[in-house]
Amino acid sequence: MALNLLLVWLINALALLALPYLVPSVQVESVYTALIAALLLGLVNALIRPLLVLLTLPVTLLTLGLFVFVINGLLFWFVASFVDGFNVAGFWSAFFGAIVYALISWAVSTLVFGRPRVVVVRHERYDR
């Protein structure tokens with residue numbers, strides 16, 4: 001479990017290091033900066049993002065879920081404002097940077113861990 005968590009953290013840091021090549025308005029100066037930013041992004045996404053999604057649920061429903069992209073961009077920009085060496089030019093850079101970061105992270109995680117498996121548990125009574 002701890003090894004998987006460490007691997008996910010490293011994958012996210014690598015995704016941050018690859019991000020400036022795809023979104024030039026996002027800059028990451030070093031591996032250390034990427035590790036710190038990946039850690040903070042993980043914490044923010046685990047602690048603050050669910051609360052923001054819940055508070056903005058009416059807007060998210062009206063936009064058919066697209067407002068979640070705005071929340072992700074704002075949180076990406078928020079973390080960049082705290083980490084020295086992790087620079088984002090503005091909202092749209094953060095918006096597209098968050099999307100590309102998530103795609104890179106997802107793709108590499110799928111390569112490393114494989115596709116997620118769905119486990120179906122059946123009870124004897126319902127097997128008939």
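Phe76 and Tyr101 are both buried in this predicted model. Their rings sit with centres 5.9 Å apart and planes at 45°, so this pair is classed as tilted. Phe76 belongs to helix H5 and Tyr101 to helix H6, so their contact ties together parts 25 residues apart in sequence.

Phe69 and Phe95 make an edge-to-face aromatic pair.

| Pair | Centre to centre | Angle between planes | Geometry |
|---|---|---|---|
| Phe69 and Phe95 | 6.4 Å | 65° | edge-to-face |
| Phe76 and Tyr101 | 5.9 Å | 45° | tilted |

Across the whole structure, a search finds ten aromatic pairs. Phe69 and Phe95 also belong to one aromatic cluster, together with Trp77, Phe91, Trp92 and Phe96.

Now for the largest pocket, where Tyr101 turns up again. The volume of this pocket is about 340 Å³. Its lining consists of 17 residues, and Tyr101 is among those nearest the centre, along with Asn45, Asn72, Ala98 and Ala102. Helices H1 (2–22), H2 (31–47), H5 and H6 each give two or more residues to the lining. H6 provides the largest share, with seven residues. Sorted by class, the lining holds ten nonpolar, six polar and one charged residues.

Methods: Residues are numbered from 1 along each chain as its sequence is written. This is a predicted model: local features need pLDDT of at least 70, side-chain atom pairs count only at pLDDT 80 or more; totals for chains, interfaces and linings use all residues. Side-chain values use heavy atoms; hydrogens and water are left out. Rings of Phe, Tyr and Trp (its six-membered ring) pair if their centres lie within 6.5 Å; planes under 30 degrees apart count as stacked, over 60 as edge-to-face and the rest as tilted. Helices (H or I, at least four residues) and strands (E, at least two) are DSSP runs, numbered from the N terminus. Buried means under 20% relative accessible area, exposed over 50%, partly exposed in between (1.4 Å probe, protein chains only). On a 1 Å grid over the protein atoms alone, a cavity is a set of points where a 1.4 Å probe fits but cannot get out, and a pocket is an open set with protein on both sides within 12 Å along at least five of seven lines; lining residues have an atom within 4 Å of a point. Grid points are joined across faces, edges and corners, and a volume is the space filled by probe spheres set on the points. Ala, Val, Leu, Ile, Met, Phe, Trp, Tyr, Cys and Pro count as nonpolar, Asp, Glu, Lys and Arg as charged, and the others, Gly among them, as polar.
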